Amino acid sequence: MTKSELIACLAEAHPHLYQRDVERIVATIFEEITSALSRGDRVELRGFGAFSVKARGARTGRNPRTGEAVEVEEKYIPFFKTGKQLREKLNPNR
Amino acid sequence: MTGQTITRADLGEAVYQAVGLSRNESADLLEMVLDMMSKALVEGQAVKISSFGSFSSRQKGQRVGRNPKTGEEVPILPRKVLVFKPSQVLKSRLNERTDVKE
């Protein structure tokens with residue numbers, strides 16, 4: 001399922017909404033999550049999952065081709081933890 | 001870094017602000033998006049959200065775990081787990097401030 005398929009399904013279920021509003025709704029949801037994470041906030045959606053940010057410390061890396069040492073700065077990585085309900089739905093026989 | 005937790009209510013509010021719908025309908029639409037994504041994932045479909053990331057499910061085999069308290073060996077049964085792969089756009093948005101410094 002892609003973002004455009006998600007928009008199409010949502011539009012079909014809500015025929016009274018304009019297509020561009022449905023697009024805006026979906027875009028807003030992912031934009032809000034993105035901007036929360038870029039502020040360093042966590043996003044917790046009970047039953048679905050939680051997005052958080054993990055810091056990866058600065059390290060000395062190596063250019064794999066030349067073997068040359070390069071400084072890699074500290075960076076932030078988004079992380080998703082599946083919610084309990086969704087995890088249970090994925091594994092129904094347990 | 002403000003270290004706050006954003007919830008459904010905040011996302012619903014953002015949807016409400018973005019489109020001229022009622023708060024109730026905004027919350028319903030958010031819920032429906034999450035349901036549709038969950039359903040696709042449970043069916044084994046991958047969910048790809050461009051400029052955000054993709055979710056897919058992966059089958060894990062059985063392995064032997066250990067109860068950390070008692071040291072007792074317990075089998076961990078085969079199970080499905082979700083994997084989220086952030087898009088390049090999301091990753092660079094998280095590191096914008098450090099990018100600016102350079």
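The accessible surface of chain B comes to about 6300 Å², and carbon and sulfur atoms hold 50% of it. The model is predicted.

Reader: What makes β5(A) and β2(A) count as paired strands?
Author: Two strands pair if there are at least two bridges between them. Strand β2 (residues 49-56) of chain A and β5(A) have eight bridges, in the antiparallel sense. Therefore they count as paired. Phe51(A) stands opposite Phe80(A) in β5(A).

Reader: Which strands make up the open sheet, and in what order?
Author: Four strands, in the order β5(A)-β2(A)-β1(A)-β1(B), with mixed pairing.

Reader: Why are β5 of chain A and β1 of chain B called edge strands?
Author: Each pairs on one side only. They span 75-82 in chain A and 5-6 in chain B.

Reader: How do you know that β1 (5-6) of chain B can be called a strand?
Author: A strand needs at least two residues. β1 of chain B covers 5-6, so the strand meets that cut-off.

Reader: What makes helix α2 of chain A a helix that packs on the sheet?
Author: Contact means heavy atoms within 4.5 Å. Helix α2 (residues 19-38) of chain A touches β1 (42-45), β2 and β5 of chain A, together with β1 of chain B. Its direction makes about 35 degrees with that of β2(A).

Reader: How does the radius of gyration of chain B stand against the globule rule?
Author: A compact globule of 102 residues would have a value near 13 Å, but chain B has 19 Å. The C-alpha atoms of chain B fill a box of roughly 55 × 45 × 30 Å along the principal axes.

Reader: What share of chain B counts as buried?
Author: Buried means under 20% relative accessible area. Of the 102 residues of chain B, 31% count as buried.

Key:
Residues numbered from 1 in each chain as written. Chains lettered and ligands numbered in written order. Predicted model: local features only at pLDDT ≥ 70, side-chain atom pairs only at ≥ 80, totals over all residues. Heavy atoms only, no water. Axes fitted to C-alpha atoms, helices over the stretch in contact; angles between N-to-C directions. Rg over C-alpha atoms; globule rule 2.2 N^0.38 Å. Buried < 20%, exposed > 50% of the residue type's maximum accessible area, 1.4 Å probe, protein only. Areas by Shrake-Rupley, 256 points an atom, 1.4 Å probe, with all protein chains shown as cover.
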